[in-house]
Amino acid sequence: MANRIPRVPAREQDPKVRAANFDEVCLGYNKEEALLEASRCLHCKNPRCVGACPVGLKIPDFIARVAGGDIRGAAEVIAQDSSLPAVCGRVCPQETQCEGSCILGVKGEAVAIGKLERFVADFMRQEETPLPVEISKKNPSVKVAVVGSGPAGLACAGDLAKMGYDVTVFEALHKAGGVLQYGIPEFRLPKDTVLKHELDALQALGVKIETNVIIGKTTTIDSLLDDEGFSAVFVGSGAGLPKFMGIPGENLCGVFSANEFLTRNNLMKAYLSDYLTPIHAGRKVCVVGGGNVAMDAARTALRLGAEVHIVYRRTEAELPARKEEVHHALEEGIVFDMLTNPVEILSDDKGWVRSLKCIRMELGEPDESGRRSPVPVPGSEFEIDADTVIMALGTSPNPLIASTTEGLEITRRGCIAADADGVTSRRGVFAGGDAVTGAATVILAMGAGRTAAKAIDGYLEKK
């Protein structure tokens with residue numbers, strides 16, 4: 001019986017070895033392991049995993065092909081709905097989406113859908129035989145601009161290119177990929193192999209990518225529509241504006257946002273000895289926050305030689321980060337200071353961080369989301385020695401695009417206001433991903449990009 005086969009574990013680097021390098025932690029499946037894991041799928045008549053996938057991947061279909069040894073066929077099924085399978089297989093929170101809905105997971109372990117998707121994508125990359133893609137010939141003269149080359153923008157651009165539109169992606173930084181390029185560490189998503197391959201595949205569809213273009217500075221959305229011949233614009237500019245706590249000492253030397261720290265390390269390659277990118281890794285680092293970005297920053301600082309503490313105001317049970325990321329961080333020796341909240345960053349006599357002053361917390365009544373609210377324990381203040389503090393408290397959209405685009409409404413939280421199809425208040429302008437929702441996941445952003453591509457197609461056909 002398929003459901004009696006235990007889940008096949010994916011091979012990983014030893015924690016003691018990987019804590020000192022930036023090579024990929026998870027080594028993935030070989031073909032024998034992938035075929036065995038794929039054989040566990042029950043092929044439900046009403047597969048809940050498909051409904052739980054934001055891009056609607058036909059999961060049982062691609063897994064059936066893997067189980068039969070038809071890896072190319074599996075890749076063709078995946079390609080119908082996802083242009084970034086090697087990325088999604090690595091960074092999607094499968095345990096709360098497709099795998100979280102797998103029937104096998106009710107009484108046992110879910111099928112490793114993410115690891116199988118990654119296997120298929122990696123297998124095809126190593127084969128070096130690209131899949132044939134059918135591109136419509138109906139709209140070659142109609143130009144669409146995509147702002148931002150993160151997951152929302154790339155998914156939208158890929159779908160529009162397949163529909164036959166002339167698509168140009170504008171990226172503010174000097175490399176395409178958005179958060180995939182500057183936010184996710186090399187040990188979770190290799191850039192020069194995995195990410196580059198997926199970007200190359202997109203450009204092979206005819207998508208043009210222009211880097212070093214800051215919409216709102218270099219040019220504007222108004223100019224794209226009125227002067228540069230674009231018939232529609234999709235804004236997938238993400239949420240890159242970091243949040244801080246507003247506590248004393250946040251302006252000291254040695255205090256960073258996780259965004260800045262990870263960008264210096266990923267995009268500017270500070271982790272490589274032959275790059276002269278300035279980065280202050282510190283000897284004792286405190287990372288404030290409990291999400292995936294906090295885990296990424298902490299595990300990066302560890303690899304740069306620091307002793308690292310994660311400071312989080314709730315318990316481990318409430319950590320919003322993926323369980324796999326928390327497990328890997330603990331294995332690697334990162335210290336978790338739970339039920340702890342910073343109240344001040346203290347300095348030495350030269351204006352650098354000396355320590356993080358914190359207070360103990362206890363869980364009180366649940367808040368609106370159902371999570372129990374942390375409450376300070378009076379008189380429980382203490383200090384953690386640190387020379388670097390990294391704030392990983394979430395992000396919000398940069399206000400530049402909204403402030404330079406006439407008639408583009410924003411929400412109370414500073415996000416671009418858009419309906420479920422990505423339609424904004426400005427005619428011809430669509431938006432999706434973190435620019436609309438605030439910081440979320442790669443796959444949700446991709447889903448929003450694909451939805452907007454359909455809406456843009458409908459809008460242009462009517463126009």
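A: A residue counts as buried when its relative accessible area is under 20%, as exposed when it is over 50%, and as partly exposed in between. K115 has a relative accessibility of 14%, so K115 is buried. The model is a predicted one.

E324 has a relative accessibility of 23%, so E324 is partly exposed.

Now take R322 and E95. Their side chains also meet in a salt bridge, at 3.3 Å from N to O. This pair links distant parts of the chain, 227 residues apart. R322 is in the loop between β10 (307–311) and α15 (323–331). E95 is in the loop between α6 (85–91) and α7 (104–107). R322 is buried, because its relative accessible area is 6%. E95, at 29%, is partly exposed.

E260 and R264 are a local case. Their closest N and O atoms are 3.1 Å apart. Both residues lie in helix α13 (residues 258–266), and because they are four residues apart, about one helical turn separates them. E260 is partly exposed at 33% relative accessibility. R264 is partly exposed too, at 23%.

Beyond pairs, there is a network. Salt bridges link E12, R18, R188, D296, R299, R303, E325, E331 and E332. With a cut-off of 4 Å between a side-chain nitrogen of Lys or Arg and a carboxyl oxygen of Asp or Glu, the count is 29 salt bridges.

Next, the helix packing. Helix α2 (residues 31–38) packs on helix α4 (residues 59–67) at about 130°, and their axes are 8 Å apart. Angles over 145 degrees count as roughly antiparallel and 65 to 115 as roughly perpendicular, so α2 and α4 are oblique to each other. Their crossing is left-handed. On the α2 side, the contact uses A34, L35 and A38. On the α4 side, I63, V66 and A67 meet them. These residues are six nonpolar, with no polar and no charged ones.

Helix α9 (residues 151–162) and helix α18 (residues 442–462) cross at roughly 35°, with axes coming within 7 Å. This crossing is right-handed. From α9 come P151, A152, A155, C156, D159 and L160. From α18 come V442, A445, M446, G449, R450, A453 and I456. The contact of α9 with α18 divides into 10 nonpolar residues, one polar and two charged.

I456 leads on to F430. F430 sits in strand β18 (residues 429–431). At 3% relative accessibility, F430 is buried. Setting aside neighbours within four places in sequence, its contacts include I456, A455 and Y459. Others among them are A232, V233, F234 and V235. D421, G422, V423 and T424 also touch F430. V235 is 195 residues from F430 along the chain, yet their C-alpha atoms are 6.1 Å apart.

Conventions: Residues are numbered from 1 along each chain as its sequence is written. This is a predicted model: local features need pLDDT of at least 70, side-chain atom pairs count only at pLDDT 80 or more; totals for chains, interfaces and linings use all residues. Side-chain values use heavy atoms; hydrogens and water are left out. Axes are lines fitted to C-alpha atoms, for helices over the stretch in contact, and angles run from 0 to 180 degrees between N-to-C directions. Helices (H or I, at least four residues) and strands (E, at least two) are DSSP runs, numbered from the N terminus. Angles under 35 degrees count as roughly parallel, over 145 as roughly antiparallel, 65 to 115 as roughly perpendicular and the rest as oblique. A crossing is left-handed if the near helix is turned anticlockwise from the far one by less than a right angle, and right-handed if clockwise. Contact means heavy atoms within 4.5 Å. Ala, Val, Leu, Ile, Met, Phe, Trp, Tyr, Cys and Pro count as nonpolar, Asp, Glu, Lys and Arg as charged, and the others, Gly among them, as polar. Buried means under 20% relative accessible area, exposed over 50%, partly exposed in between (1.4 Å probe, protein chains only).
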